[in-house]
Amino acid sequence: MYPGNYRPNIIHYFLRLLHDKGLLLRLYTQNIDGLERVSGIPGSKLVEAHGSFASATCTVCRRASPMEDFWAAVMGDRVPSCAVCTGVVKPDVVFFGEALPQRFLLHVVDFPTADLLLILGTSLQVEPFASLSEAVRSSVPRVFMNQEAVGPLSWRPRSRDVLQLGDLVDSVERLVELLGWSEELKDLVQRETGKLSGQDR
């Protein structure tokens with residue numbers, strides 16, 4: 001789960017392409033791996049509902065901690081501590097029982113204005129995130145791509161819902177092909193993968 005061990009895949013880059021085309025209002029994610037950021041989606045477009053390993057904060061004085069210091073302590077089998085007050089530093093992920101980040105409240109503004117909702121690869125089990133699928137106007141199409149039908153989309157579908165069940169990568173590739181964006185996505189993946197490979201050297 002340590003950041004840097006994984007790379008964005010075609011799904012992350014599809015979402016980045018939506019952003020590049022000016023079609024992404026906001027990306028709400030339960031993932032804490034930060035791969036959306038790594039793919040190039042700006043933080044202003046992200047709501048990381050369960051936080052992210054991209055940053056860490058002191059639990060006492062609430063100061064941001066340099067990630068290099070945090071990971072050096074973790075990898076050295078030490079409890080990360082604040083350089084200012086010596087309090088424990090934790091990654092900015094939401095642990096069980098903790099409140100969601102304030103940015104999650106953006107859904108109150110975003111969802112009523114959305115004209116399409118893409119729901120990709122989720123169990124729709126964890127609240128309050130799972131309820132977001134119901135937050136768009138009933139006239140708004142919801143495109144759900146997943147291994148199986150789950151949550152309200154399986155037991156209370158709307159007339160404009162589209163369910164694409166099966167492998168998520170295959171489903172996204174099919175959608176990209178239908179949109180005529182295959183070459184653009186391929187170029188984006190190659191360009192961004194090259195940048196990441198260059199950073200490893």
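This is a predicted model: local features need pLDDT of at least 70, side-chain atom pairs count only at pLDDT 80 or more; totals for chains, interfaces and linings use all residues.
Residues are numbered from 1 along each chain as its sequence is written, and side-chain values use heavy atoms, with hydrogens and water left out.

The overall picture, then. We have 7 helices and 8 strands; those are DSSP runs, H or I of at least four residues for helices and E of at least two for strands, numbered from the N terminus. The C-alpha trace spans about 55 × 40 × 30 Å along its principal axes. For contacts, I mean heavy atoms within 4.5 Å. Of those with a separation of 6 or more, 57% are between residues 24 or more positions apart.

Now, which residue does the "active site" annotation cover? In the unreviewed UniProt entry, that's H50. UniProt positions are in the numbering used here, feature names are shortened, and annotations may be inferred rather than shown by experiment.

So where does H50 sit? Look at the loop between strand 2 (46-48) and strand 3 (51-58). H50 counts as buried because its relative accessible area is 18%. And who's around it? Leaving aside neighbours within four places in sequence, H50 contacts T29, Q30 and I32, then D92, V93 and V94, plus L100 and V126.

Key
Buried means under 20% relative accessible area, exposed over 50%, partly exposed in between (1.4 Å probe, protein chains only).
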